[in-house]
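Keep the structure open while you read.

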Amino acid sequence: MYKVLTPELERALRLVQRPVTISTLCKSASETFHHDHQAKPNGVPNIYTPIKDKKTEHSVNDVAMARSLRYLAYIFTALATFWTYDYVRSLHEEWTFLLRSRWNKVKFLYIITRYVPFIVIITELYLTFTPNENPNQCRMLNNIYSCFGVISVTCSDGFFVLRTYALWNNNKIILVAMLSAFLAIVLSFSGIWFTAIATSHFRTSVIPGITGCYRSSRSVQLSMPFLLLFIFALGLVSLTLIRVIHSWRTAKSPLHAVLVKHNIFYYVCSLLISAVNVLMPILTSNSIYHAFFEHFQVFSLAILATRMHLYLWDIDQHARSSDAVVCISMSDMSPVSPADCTV
């Protein structure tokens, strides 16, 4: 007489015939529980769902992309906080300048340089924290950010061009040379930058709860625009150092005082930030570092340019309000005639 084996006995015999491990026992228990619930004749729905390994739900690239987007959100929030803090800290000086200074081209340039980064911040925060599954919309928002970013960098460097022009005693030859190089740099920068955006890949995260867009480009495309800015900043630093050495030999003043008077530290900071953006895509392929220093250059150049102008304007106002018939020119902080003063 043969006995019919039940499904439970068959599973037990299979377990005896092969090495027993914890995972095997867990799998067998799961199958038994699933079979028993499906065999209910009373029509009760099966509420059991096998547990899946979450590591297999999303690929490694999906997880890495989600992590990058989360870090980008932290970076943009930190940069927005940094910009807002600087604006609030200099709010009194800035509004004093805006209310008391006369309207001219430099003041208009100051307003653009100072307030365009707010549009950049708003665009980036919207792009980062708004759910968006359309890569084309991400590309459009990135183009908007890039347009205002190029405007901000152009206006910031414009202040350094004007300062260098004043340091050279309004030399027309120096002005024409700087403006020609500046125009070529801006056009080349814009062309390379927007070409890199057009050939970049924009992807969104497939993991729920992760917002924002991810942009990937080749390292050469990311380095070339900032290399142009570095070359231009190096030229401005060289022209300024020539004037510093000339003033130092003529006035026989301490070198540190001459450097401070010529605002060389603003130029050096601008040069170093451009150098970091040139080297970063070459040293690492992590887009987090690229995005951070790229946005940091936009904000820091605007801060350096506007603070340098406020500093010069404040010195000029103090000189005008003094009893002595003396003022400070942008070309050299030494007593000159009132006709050489600038506001």
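## The salt bridges

D86 and R114 make a salt bridge, with 3.1 Å between the closest N and O atoms; the term covers a side-chain nitrogen of Lys or Arg within 4 Å of a carboxyl oxygen of Asp or Glu. This pair links distant parts of the chain, since D86 sits in helix α3 (residues 60–89) and R114 in helix α5, 28 residues apart. Helices here are DSSP runs of H or I with at least four residues, strands are runs of E with at least two, and both are numbered from the N terminus. D86 and R114 are both buried, where buried means under 20% relative accessible area, exposed means over 50%, and partly exposed is in between (1.4 Å probe, protein chains only).

D86 has another partner: it also forms a salt bridge with R307, and here the closest N and O atoms are 2.9 Å apart. Because D86 lies in helix α3 and R307 in helix α11 (residues 287–321), this pair ties together parts that are 221 residues apart in sequence. R307 comes out at 29% relative accessibility, so it counts as partly exposed, while D86 is at 7% and counts as buried.

Then there is E94, which bridges to R114 with 2.8 Å between the closest N and O atoms. E94 is in helix α4 and R114 in helix α5, so this pair joins parts 20 residues apart in sequence. The structure holds three salt bridges, and D86, E94, R114 and R307 are linked in a network of them.

## What this rests on

This is a predicted model, so a word on the ground rules: local features need pLDDT of at least 70, side-chain atom pairs count only at pLDDT 80 or more, and totals for chains, interfaces and linings use all residues. Residues are numbered from 1 along each chain as its sequence is written, and side-chain values use heavy atoms, with hydrogens and water left out.

## Around helix α4

W95 is found in helix α4 (residues 91–100) and is partly exposed, at 40% relative accessible area. Together with L91 and L99, W95 forms a nonpolar patch on the surface, with about 310 Å² of accessible area in total. Such a patch is built from residues with over 30% relative accessible area and no salt bridge, joining nonpolar side chains (Val, Leu, Ile, Met, Phe, Trp, Tyr) within 5 Å, or like charges within 9 Å.

E93 is also in helix α4 and counts as partly exposed at 47% relative accessibility. The C-alpha atoms of E93 and L310 are 7.5 Å apart, although 217 residues separate the two along the chain.

## A buried glutamate

E124 is in helix α5 (residues 105–129). At 5% relative accessibility, E124 counts as buried. Leaving aside neighbours within four places in sequence, E124 is in contact (heavy atoms within 4.5 Å) with F76, Y145 and H295.

## The whole chain

The protein chain has eleven helices and four strands, and 41% of its 343 residues count as buried. Of the contacts with a separation of 6 or more, 70% are between residues 24 or more positions apart.

As for cysteines, C155 is buried at 10% relative accessibility, and C269 is partly exposed at 36%.

How values were computed:
Areas by Shrake-Rupley, 256 points an atom, 1.4 Å probe, with all protein chains shown as cover.
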